[in-house]
Amino acid sequence: MSRISVVVPTRDRPDRLAVCLAALEAQTATDMEIVVVDDASRDARAVGEVVAGAPRARLVRGEGRGPAAARNRGAAAAEGTVVCFTDDDCEPVPGWAARLAARLGEAGVHAVAGPTRNARPENPFAAAAQTIASHLAEASIDAAGRMRFAPTSNLACRADVISALPFDERYPLAAGEDRDWCARLVGSGRTLVFEPAAVVRHHQELGARTFWRQQVRYGRGAYRFRADHGTLRRPEPPAFYAGLLRRGFAEGAAAGALVCLAQVATAWGVAREALAREAR
């Protein structure tokens with residue numbers, strides 16, 4: 001089996017990072033390393049202590065330039081032929097890394113992603129946020145199981161792929177950089193496939209204010225992505241939004257209402273980014 005490297009960018013969440021690393025330590029893959037990139041946490045010592053408690057993990061220091069730069073730094077430090085990405089508030093299920101690596105061993109597969117599921121069903125903000133992200137990814141899957149987009153909470157690729165196609169570090173926020181990477185991957189003729197058994201549980205600690213800010217940030221990233229790829233005038237089709245609303249209300253009335261509110265926040269983020277670009 002190929003050696004697996006798991007890259008985890010982190011910033012200011014040592015408690016959540018500890019849960020993530022415990023899940024990674026429990027992976028069934030035997031030849032696996034964990035590369036934690038501390039993207040300039042305020043309490044670097046706390047992050048270091050958490051990483052020191054995980055036998056498979058080692059620490060790389062980032063410069064606070066955002067998750068795209070942190071992932072690139074982690075991938076450059078990785079020793080595996082398979083590079084998996086997840087986030088510090090995520091909890092991959094046992095067998096996650098092995099399943100992703102197995103798919104990457106298939107002919108013609110360059111990258112693979114699994115489903116990310118909400119681990120906070122009692123929190124309508126977390127339910128709404130995960131519904132939006134999952135719908136965007138899963139709506140891109142075709143009949144052959146190929147994808148056009150997958151979030152970096154649950155993504156893997158061959159080491160030569162991330163070396164040739166690093167994340168664009170001009171995306172400073174946790175927004176849009178994953179869409180850009182996937183678009184460049186697919187645009188290069190490489191294949192991204194879906195592996196339904198490689199599940200990651202997402203522990204988002206969101207309230208009203210942090211949910212709004214997250215969705216505004218996603219809007220800013222969406223504008224940057226669409227401007228970079230020449231798709232500003234090509235919005236998603238009505239069926240996409242109809243499916244999103246159905247999926248949101250299937251999580252409950254509160255989550256459905258928040259999915260609707262998120263569209264307002266995203267539009268506000270798009271407008272903010274457009275104005276900022278004009279000002280520059």
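How do H5 and H9 lie to each other: parallel, antiparallel, perpendicular or oblique? Before I answer, the basis. This is a predicted model, where local features need pLDDT of at least 70, side-chain atom pairs count only at pLDDT 80 or more, and totals for chains, interfaces and linings use all residues. Residues are numbered from 1 along each chain as its sequence is written, and side-chain values use heavy atoms, with hydrogens and water left out.

Helices (H or I, at least four residues) and strands (E, at least two) are DSSP runs, numbered from the N terminus.

Now the helix pair. H5 (residues 124–138) packs with H9 (residues 238–250) at about 140°, the axes being 10 Å apart. Axes are lines fitted to C-alpha atoms, for helices over the stretch in contact, and angles run from 0 to 180 degrees between N-to-C directions. Angles under 35 degrees count as roughly parallel, over 145 as roughly antiparallel, 65 to 115 as roughly perpendicular and the rest as oblique. H5 and H9 are therefore oblique to each other. Residues in the contact include Ile-132 and Leu-136 of H5, and Phe-240 and Leu-244 of H9; contact means heavy atoms within 4.5 Å.

Next, the sheet. Seven strands form an open sheet with mixed pairing, in the order S3-S2-S1-S4-S8-S6-S9; two strands pair if DSSP finds at least two bridges between them. S3 (57–61) and S9 (192–194) are at the edges, each with a single partner strand, so one side of each has no neighbour in the sheet. From one strand to the next, the twist averages 25°.

Within the sheet, S1 (residues 4–10) and S2 (residues 32–38) run parallel, joined by seven bridges. Ser-5 is opposite Glu-33 in S2. Helix H2 (residues 44–52) lies across S1, S2 and S3, at about 155° to S3.
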